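Biologist: I've got a model open on my screen and I'd like to learn how to read it. Can you walk me through it, feature by feature?

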Amino acid sequence: MKKVNIVFRVIEDNNIQCDISTPQGKKLRLVGQPSESEGKCIENTLGDSKALLVSAWEFAKEKYKSVSLDDEAEQRQAGKRAQKLKTSIEWLADYSDHVTDEITSGWCSACLGMHDHRKVKRPIAQPSVFLCESCGAPTIPCMAITCSNMALRGFGSISGQRYCAEHKHEITGFEKVDLQMGALNEYEEFLKFDKPNLARATKIVGLTGAGIALATPLAYTAAPAIGGAVGVLVGGFSGAAATSWGLAALAGGSLAAGGLGMAGGTMVVTGVGAAVGGALGATVTHAYVREDKSFHIELLQGGVGTPVVVCNGFLSETGKGWGEWKKIIRTRYPDSPVYRVHWGAKELKDLSVFGGAAVAPRVGIGVIAPLAQRAAKAAAKKLGPLEPAMTAAGLVKNPWHVAKNRAEKTGVLLADLMARTTAESYILVGHSLGARAMVVAAQSLSSKQTAPRIESMHLLGAAIGATGDWTSLYKVVDGKVYNYHSANDAVLKRMYPLVQAGQKAAGMTGFFPRNRTIENIDVTDLVSGHSAYHSKIDLN
């Protein structure tokens with residue numbers, strides 16, 4: 001590969017500039033403020049590759065951080081990210097420099113759409129390369145016999161066979177990524193795979209050249225705030241796995257071990273929310289379902305009213321059926337279809353043991369610490385490249401963080417499924433971490449204009465911070481967010497501050513600041529503990 005020249009500059013008014021020039025004389029210049037999610041294109045003869053444009057601008061922003069951040073360690077990390085992005089840009093620019101007029105059509109495993117792919121002229125000894133005309137991803141025909149889909153090609157030479165996202169079971173089917181359902185309990189059809197998993201029997205060896213994966217749907221279809229981050233470029237993954245890892249990395253966590261998860265920050269929730277019910281939402285949903293084998297949605301009763309979705313937390317009944325929900329839901333919503341979300345069986349079980357120890361009156365840190373250390377050791381094995389940062393941040397020291405972030409991911413998953421139904425609105429009811437899942441589901445839906453509305457929400461003993469920006473709830477909830485809180489809730493009183501750096505839970509004190517959507521209901525006189533809400537209160 002002949003040298004591609006990449007130059008970063010800080011220019012007048014503290015703007016940054018990225019210049020790319022190729023041996024064929026093609027050029028790209030991007031200019032803008034470091035805080036902007038996209039750079040302004042001043043000159044471009046390299047084509048409209050979204051992957052190249054996003055990568056080039058992210059390179060400029062990371063280079064700027066490497067010389068402007070106050071902390072030297074953060075400067076070094078930014079410099080490393082910039083170097084990886086630079087390597088990606090060199091390959092992308094070289095591909096764009098040698099694109100031909102030869103075209104093949106097929107589903108793209110990066111942007112998950114049916115598009116033309118233009119062939120790139122390569123030396124005889126190198127494998128073929130195509131560029132998706134929609135997203136700019138390097139692709140290659142899927143190795144499956146008779147398959148006309150395009151797999152991710154990446155950079156450098158290739159070891160092992162390349163399969164499309166459909167034959168790698170990163171999605172259940174290309175034609176399903178935008179699939180719409182009737183009722184929520186029809187989700188199982190959406191999750192059925194159309195093709196066999198050919199990659200299961202074949203170990204896919206990483207790229208032997210640059211060793212860096214190209215940005216997948218995250219980089220150019222999600223909200224600009226997270227789309228520009230291109231976490232996938234740093235992760236070294238491909239396809240939907242790269243999307244999953246990239247979203248988790250942006251939030252500072254790991255999918256497998258919990259981490260902060262895809263929904264670990266408002267920015268990430270907003271970005272995913274904009275894509276629920278679509279292609280990116282499909283990759284997120286399938287990644288989550290593969291992680292949590294216990295996830296399923298159970299129809300508890302039929303009806304003609306607004307659908308009600310209930311979600312449990314820990315220290316609650318598990319298994320099938322109504323559990324503790326029957327009286328409280330049937331009394332308030334006798335004519336509505338009711339669905340129960342089952343999730344995180346392992347995480348909730350581990351947390352129940354930990355939570356019981358954490359809130360025991362005479363159990364101190366000497367008992368809690370060993371539990372935390374065992375959880376950390378098990379989790380660290382799954383953290384991969386994020387393990388040092390996560391361990392340093394103390395975010396895998398107890399089962400709480402794993403279960404908390406499983407709840408957040410469940411909320412995003414639920415939002416994607418609800419966005420695929422024909423229902424105009426839903427009523428969400430959650431207890432403990434189930435309430436947290438419902439808040440995340442609503443936040444995710446709030447950034448998609450065509451998503452169902454939330455008629456009202458009922459949160460019982462909500463295991464979520466009391467103080468925050470609840471604007472997203474105001475945007476999507478037409479009625480009220482009823483938050484039932486009790487000062488007698490020992491779990492939220494003792495354990496929540498312990499694992500959340502002294503924060504208070506909304507389920508103990510109420511939400512702050514309040515807006516006209518949020519109604520805090522003090523049930524201290526009725527509720528004596530974390531598991532007593534269902535039998536002691538009536539829903540407004």
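Predicted model: local features only at pLDDT ≥ 70, side-chain atom pairs only at ≥ 80, totals over all residues.

Biologist: Then how many residues lie between strand 5 and strand 6 in their hairpin?

Modeller: There are six residues between strand 5 and strand 6, and Leu112 in that turn has a positive phi of about 60 degrees. Strand 5 covers residues 99-107 and strand 6 covers residues 114-120; they pair in the antiparallel sense over six bridges. As one example, Val99 has Val120 in strand 6 as its bridge partner.

Biologist: Which way do strand 6 and strand 7 run, parallel or antiparallel?

Modeller: The general idea is that strands of a sheet pair through backbone hydrogen bonds, either parallel or antiparallel. Here strand 6 and strand 7 (residues 129-132) run antiparallel, joined by four bridges. Arg118 stands opposite Leu131 in strand 7.

Biologist: What is the strand order in the open sheet of seven strands?

Modeller: The order is 10-12-11-13-14-15-16, and the pairing is mixed. Strand 10 (296-301) and strand 16 (518-522) are at the edges with a single partner strand each, so one side of each has no neighbour in the sheet. From one strand to the next, the twist averages 20 degrees.

Biologist: How many bridges join strand 15 to strand 16?

Modeller: Five bridges, and strand 15 (residues 481-485) runs parallel to strand 16. Look for Tyr484, which stands opposite Ile521 in strand 16.

Biologist: Which strands does helix 15 touch where it packs on the sheet?

Modeller: Helix 15 (residues 433-446) touches strand 11 (308-311), strand 13 (425-431) and strand 14 (453-460). The direction of helix 15 makes about 160 degrees with that of strand 14.

Biologist: I clicked on Arg436 in helix 15. Why does Arg436 count as buried?

Modeller: Buried means under 20% relative accessible area. Arg436 has 8% relative accessibility, so Arg436 counts as buried. Leaving aside neighbours within four places in sequence, Arg436 is in contact with several residues, including Trp400, Lys404, Glu408 and Tyr496.

Biologist: Tyr496 takes me to helix 17. Which residues of helix 17 are buried?

Modeller: Helix 17 spans residues 490-499, and its buried residues include Val491, Leu492, Met495, Tyr496 and Val499. Looking down the axis of helix 17, you'd see the buried residues fall within an arc of 110 degrees, so they line one face of the helix.

Biologist: And what caps the N-terminal end of helix 17?

Modeller: That's Asp489, with a side-chain oxygen 3.2 Å from the backbone nitrogen of Val491. Just after helix 17, look at Ala501, which takes a positive phi of about 55 degrees.

Biologist: Zooming out, how many helices and strands does the chain have?

Modeller: The chain comes to 19 helices and 16 strands. It has 540 residues, of which 56% count as buried. Of the contacts between residues at least 6 apart in sequence, 66% join residues at least 24 apart.

Biologist: What pLDDT does the chain average?

Modeller: The average is 78, and 75% of the residues score at least 70. Over residues 202-270 the pLDDT is below 50, and beyond near neighbours in sequence that stretch has 201 contacts in the model. Over residues 357-397 the pLDDT also stays under 50, and the model has 52 contacts for them beyond four places in sequence.

Definitions and conventions
Residues numbered from 1 in each chain as written. Heavy atoms only, no water. Buried < 20%, exposed > 50% of the residue type's maximum accessible area, 1.4 Å probe, protein only. Helix = DSSP H or I, 4+ residues; strand = E, 2+ residues; numbered from the N terminus. Arc of directions from axis to C-beta. Polar contact = N/O pair within 3.5 Å; in protein donor to acceptor, adjacent residues only side chain to side chain. Pairing = 2+ DSSP bridges. pLDDT = per-residue confidence, 0-100. Contact = heavy atoms within 4.5 Å. Axes fitted to C-alpha atoms, helices over the stretch in contact; angles between N-to-C directions.
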